[in-house]
Amino acid sequence: MIAAKGYAAQTKETPLAPWNFDRREVGPHDVQFDIAYCGVCHSDLHQIRDEWGGSIFPMVPGHEIVGRVVGVGNQVTKFKVGDLAGTGCMVDSCRVCDNCQNDLEQYCTNGNTLTYNSLEQDHKTPTYGGYSNTIVVNEDFVLHIAETLDLAATAPLLCAGITTYSPLRHWKVGKGHKLAVLGLGGLGHMGIKFGVAFGAEVTVLSTSPKKEADARKLGAHNFIVTSDPAQLESATGYFDFILDTVSAEHDYNLYLNLLKTDGVHICVGAPPTPSSLLAFSLIPGRKSIAGSSIGGIAETQEMLDFCAENNIVSDIEVIAINNIHPAYERMLKGDVRYRFVIDMATL
């Protein structure tokens, strides 16, 4: 086994603290890379607090992981020692279901293996994430990262980036489309960058007028304060797509009114409580409300390549790992522009 160290929650009541554990030895198809940076996702906090249920402890969070390869198995063909590498939200899947066979491992019908708080495909070995110094992953779930990208700012692309890239690509959002990005945070700021890069007209919908300057700096063409009825009324029937990044409770019916005929409201944020949806918010305009997860491995690599070609990374604040709990508190208050990233050299 490979000795590793990280930050772990021992129970849902205890804070993250240093913890030593073992990674598996590098197998024939495995890549080991030492972790340079790990992004901080809102889901990390949900999981360590067991707010979604089913948490496995001890838990090492983190699924926006980047670093440099230090070991490869004797049958690995995709990586060599010294390469930059990354791993996102998954480290394995069943490989055989229809979705896996079609590069949709994120929708594996037999259950994929998440990077942390999950079980390996043997259904008994827990996975530990990127708040740690090193990781071992099957080469099929490791991603190439261009040397030209800012490595720390690349880490959030592996969750926040692909979560917004994937639906925009799936619905072929681009030139001639009017896209609204609902919410300006870790997901929303990437939605703006990709929407603009794809050629869409991008409008940010936000409850906070103070975010307009940031939205325009990120490339948004328009900004609507959703707490202003007159501004909302002016956008009735205007958008082809709404990319909804909000994870707090909100009224979907209000925003569906902003869609054109055949418009699509795409949910990538996950509010904690059920929402009321009126049929007549959909029926008159043949509108749809849809959901999207992350992308598959091939699409995630496509995104990273696109980002390298277009110099797109996340806007980040780098923190030391012993500041993780203050960072969580700031994240809950929306006090981050727009993603925390842990410098793992501080572990």
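Okay, let's start in strand S12, where Asn 222 is the bridge partner of Thr 203. The chain gets from S11 to S12 through helix H6, residues 212-217, and this β-α-β crossover is right-handed. Right-handed here means that, with the strands pointing away from the viewer, the path from the first strand over the helix to the second runs clockwise. S11 covers residues 201-206 and S12 covers residues 222-225; they run parallel and are joined by four bridges. Two strands pair if DSSP finds at least two bridges between them. The helices (H or I, at least four residues) and strands (E, at least two) are DSSP runs, numbered from the N terminus.

Quick housekeeping. This is a predicted model, so local features need pLDDT of at least 70 and side-chain atom pairs count only at pLDDT 80 or more, while totals for chains, interfaces and linings use all residues. Residues are numbered from 1 along each chain as its sequence is written, and side-chain values use heavy atoms, with hydrogens and water left out.

Now, two helices. H4 (residues 160-170) packs against H9 (residues 297-310) at an angle of about 100°, and their axes are 10 Å apart. The axes are lines fitted to C-alpha atoms, for helices over the stretch in contact, and angles run from 0 to 180 degrees between N-to-C directions. That makes H4 roughly perpendicular to H9, a label for 65 to 115 degrees (under 35 is roughly parallel, over 145 roughly antiparallel, the rest oblique). Who touches whom? From H4 we have Gly 161, Ile 162, Tyr 165, Ser 166 and Arg 169, and from H9 Glu 299, Thr 300, Glu 302, Met 303 and Phe 306. Contact means heavy atoms within 4.5 Å.

Next, the aromatics: the whole structure has ten aromatic pairs. Take Phe 198 and Phe 306: their ring centres are 5.3 Å apart and their planes sit at 65°, so the pair is edge-to-face. Rings of Phe, Tyr and Trp (its six-membered ring) pair if their centres lie within 6.5 Å; planes under 30 degrees apart are stacked, over 60 edge-to-face, and the rest tilted. This pair links distant parts of the chain, with Phe 198 in the loop between H5 (186-197) and S11, and Phe 306 in H9, 108 residues apart.

Last, the backbone. The peptide bond from Phe 57 to Pro 58 is cis, with omega near -5°, and Pro 58 is in the loop between H1 (42-48) and S4 (65-72). Asp 50 is also placed between H1 and S4, and its phi is near 55°, positive in a residue other than glycine.
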